[in-house]
Amino acid sequence: MTQSLTIRRPDDWHLHLRDGAMMETVLPETARHFGRAIIMPNLVPPVVTGADAAAYRDRILAALPADMTFEPLMTLYMTEETDPEDVRRAAASGLVKAVKLYPAGATTNSSSGVRDFDRIRGVLEVMAEIGLPLCVHGEVTDAEIDIFDREAVFIDRVLDPIRRKTPGLRVVMEHITTAQAADYVKGGDESLAATITVQHLMLERNDMLVGGMRPHYYCLPILKRRDHRDALVALATSGFERTFLGTDSAPHPTHRKEAECCAAGAFTAPIALSCIAEVFEAQGALDKFEAFVSLNGPAFYGLPVSDETRTLTKGDTVDFPATLDAGDDTVTVFDPGVPLHWHVSA
Ligand code: DOR
Ligand code: ZN
């Protein structure tokens, strides 16, 4: 039985670092393990222009502890006013690696997102021309659509029409949660990929709702029923090349999670790799683990794989703190509710 696994240093293809004191707390938790991460732009106000992204990158690098290496891969937040030429310049300079599309109102800090998808046609055409990926939060926001159906409906009503109208557009379906999304990415061509989070591989909605409601498991897209989780696990552990880890680690102050109206997001960064190793081991698929966390993402984004390594060793139960201090707040670390055994070392 495999007890130790040395792999290329992993990357996180979907990460929320926030800003200020929260960023100072959470950044080392990612940089300890991951070499690079696609940094989500949903700050308040959002990271819309190339200049915004350059300033945010500088704040991230300033907050990085001196003894750590980490490369933030910056994204722009798509609005209906986004300037295609600004996107072109930001990509050409190497600063920006993707543009993030939030349907307005779909999730945390998405109110500046897109309502009318026809208004971003010019930006999408430029992105297809230059090969810049569009990272998509794939949920419709129509009030009449049940929250558990919003991803599947988005694929039919929004994503598939956009892809048909924009041949060559590279798309990452972010944090997929359903069998429909798994089937759609499998059926796509080399322009289409999907990220999967830690919590959507480990949990189903019963874990969040049965026997009491667990706010730290509430994220968007919301956890689905078990057969969807099983479809995601099957996809991730199959070795399919166009899917990779995007943790969607999304810290909120504990009081915003344990609240009458709970903020969406799970802070998984500290234990993300231990969790994923546990999932792959349970499937007898540790031989596919490196592809999912370290190889498939760089291949899709056209970046080199890391020349560093990380080693995972199986041992006693992994200890991790329940909370971390973040300025005047704390942030609660995601606890999958099962013991973890895979320890990560440099
Ligand atoms: O659960 C989520 N939290 N989903 C998102 O799409 C955004 C994220 C956040 O920013 O907190
Ligand atoms: Zn996210």
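Axes here are lines fitted to C-alpha atoms, for helices over the stretch in contact, and angles run from 0 to 180 degrees between N-to-C directions. Helices (H or I, at least four residues) and strands (E, at least two) are DSSP runs, numbered from the N terminus.

This is a predicted model, in which local features need pLDDT of at least 70, side-chain atom pairs count only at pLDDT 80 or more, and totals for chains, interfaces and linings use all residues. Residues are numbered from 1 along each chain as its sequence is written, chains are lettered from A and ligands numbered from 1 in the order written, and side-chain values use heavy atoms, with hydrogens and water left out.

First, a helix pair. Helix 6 (residues 179-187) packs on helix 9 (residues 226-237) at about 30°, with the axes 8 Å apart. That makes the two roughly parallel (angles under 35 degrees). Ala179, Gln180, Ala182, Val185 and Lys186 of helix 6 contact His228, Ala231 and Leu235 of helix 9 (heavy atoms within 4.5 Å).

Next, helix 3 (residues 84-92) and helix 4 (residues 121-130). Their angle is about 25° and their axes are 9 Å apart, so this pair is roughly parallel as well.

Now the metal. Which residues coordinate the zinc ion (ligand 2)? They are His14 (NE2), His16 (NE2) and Asp248 (OD), at 2.0 to 2.1 Å. Donors are N, O and S atoms within 2.8 Å of the metal (3.2 Å for Na, K and Ca); water is not among the atoms, so sites may look incomplete. His14 lies in strand 2 (residues 12-15) and Asp248 in the loop between strand 9 (243-245) and helix 10 (254-257), so the pair ties together parts 234 residues apart in sequence. Both His14 and Asp248 are buried (under 20% relative accessible area, 1.4 Å probe, protein chains only).

Definitions and conventions. Parallel < 35°, antiparallel > 145°, perpendicular 65-115°, else oblique. Buried < 20%, exposed > 50% of the residue type's maximum accessible area, 1.4 Å probe, protein only.
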